[in-house]
Amino acid sequence: MVQIKGLHKEFGALHILKGIDLEITSGEVCVLLGPSGSGKSTLLRCINQLETFEAGEIRVGGDRVGFAEQPLGDGRLARLTEKQIAAQRARVGMVFQRFNLFPHMTAQSNVMEAPIHVAGVPVAQAKARAMELLERVGMADRATHYPSELSGGQQQRVAIARAMAMDPELMLFDEPTSALDPELVGEVLNVIKDLARSGMTMVVVTHELGFAKEVADQVVFMDDGIVVEAGPPSDVIDHPQSPRLKDFLDSVL
Ligand code: ADP
Ligand code: MG
């Protein structure tokens, strides 16, 4: 589902991603660990085409992303239309640390927005689908509430429903619980676990090691723009090899 080869990202003189290789198979849950500043958000933003990059390749569902051109297979490149790029983007859903719901819209309107305005789904159909998704994240009874009337955990659950509304093939979560009060973390992790069990392919940046052990197929530890260790949680979390990972695990426990 995701293939990343030799990815390099620079911000001016700063070399942020220094040759990332990563493969995520369909239905896999990949947990991305690493200290602050190691490049985790930048990696997710490259996958979701919110950043350009200097070298390497990212494929999502086989298609090369982050370029306005695609190889035709005979050495030539075909230029993508705006519509094709928008369609690529819609295949990936993203949930950020700060619940970035539209404040002037109800929970249900937030979830309906992209299907109606980006995908051209008829209003009645988008409404019904939004209710299904709100049901799934346990927020159906708050459909008419505005973000300011919801707790952080509830807002984040609506944000997950909203990201799901475009039927993405891949979901990216960037520290989805780190801005929440501790008692609200569990309800959001439970929603993400449910999605994982339903077979959704996802990359989750989180420091929640219990969650990683329970649901991750692959744990990737990044530090200073490189992948230091990757493998099943029973290796990476339970039997870390590098001093950097050992220090990191001690610091988040
Ligand atoms: P993480 O998510 O692992 O904490 P980030 O990907 O947010 O790390 O950041 C990695 C590094 O890239 C940091 O040193 C950060 O300051 C830098 N960085 C991120 N975004 C930008 C930007 N837009 N311009 C310049 N530097 C940036
Ligand atoms: Mg980050």
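Predicted model: local features only at pLDDT ≥ 70, side-chain atom pairs only at ≥ 80, totals over all residues.

User: Which elements give two or more residues to the lining of the largest cavity?

Analyst: The space in question, the largest cavity, holds about 60 Å³, and the structure has two cavities of 30 Å³ or more. Two or more lining residues come from each of helix H4 (123-136), helix H5 (152-164) and H6.

User: What lines the second largest cavity, and how do its residues divide by class?

Analyst: The second largest cavity has a volume of about 30 Å³, and its lining is made up of Val60, Asp63, Val65, Gln88, Arg91 and Val92. Sorted by class, this lining comes to three nonpolar, one polar and two charged residues.

User: Which element gives the most to the lining of the largest pocket?

Analyst: The largest pocket has a volume of about 560 Å³, and of the 20 residues that line it, Asn48, Val92, Gly93, Met94 and Ala114 are the closest to its centre. At least two lining residues each are supplied by helix H2 (82-90), strand S8 (92-95), helix H3 (107-117) and H5. With four residues, the element that gives the most is S8.

User: Which residues touch the most other members of the largest nonpolar core?

Analyst: In soluble globular proteins, nonpolar side chains tend to be buried together. Here the largest nonpolar core has 50 residues, and its largest share, eight residues, comes from helix H6 (residues 182-197). Apart from this core lies another one of 25 residues, including Leu44 and Val220. In the largest core, the members that touch the most others are Ile160, Met171, Phe173 and Met202.

User: Is glycine 152 buried or exposed?

Analyst: Glycine 152 is found in helix H5, and beyond four places in sequence it is in contact with Phe99, Leu180 and Leu184. The C-alpha atoms of glycine 152 and leucine 180 are separated by 6.1 Å, although these residues are 28 residues apart along the chain. Because its relative accessibility is 17%, and the cut-off is under 20%, glycine 152 counts as buried.

User: Why is the aromatic pair of phenylalanine 221 and phenylalanine 248 called tilted?

Analyst: The count of aromatic pairs comes to one, and this pair links distant parts of the chain, with phenylalanine 221 in strand S11 (residues 218-223) and phenylalanine 248 in helix H9 (residues 243-252). Phenylalanine 221 is buried, with a relative accessible area of 0%, and phenylalanine 248, at 6% relative accessibility, also counts as buried. The ring centres are 5.4 Å apart. Because planes under 30 degrees apart count as stacked and over 60 as edge-to-face, the pair is called tilted for its angle between the planes of 40°.

How values were computed
Residues numbered from 1 in each chain as written. Chains lettered and ligands numbered in written order. Heavy atoms only, no water. Core = buried A, V, L, I, M, F, W, Y, C linked by side-chain atoms within 4.5 Å. Buried < 20%, exposed > 50% of the residue type's maximum accessible area, 1.4 Å probe, protein only. 1 Å grid on protein atoms, 1.4 Å probe; cavity = no way out; pocket = protein on both sides within 12 Å on 5 of 7 lines; lining within 4 Å. Points joined across faces, edges and corners; volume = space filled by probe spheres on them. Nonpolar A, V, L, I, M, F, W, Y, C, P; charged D, E, K, R; others polar. Contact = heavy atoms within 4.5 Å. Phe/Tyr/Trp six-rings, centres within 6.5 Å; stacked < 30°, edge-to-face > 60°.
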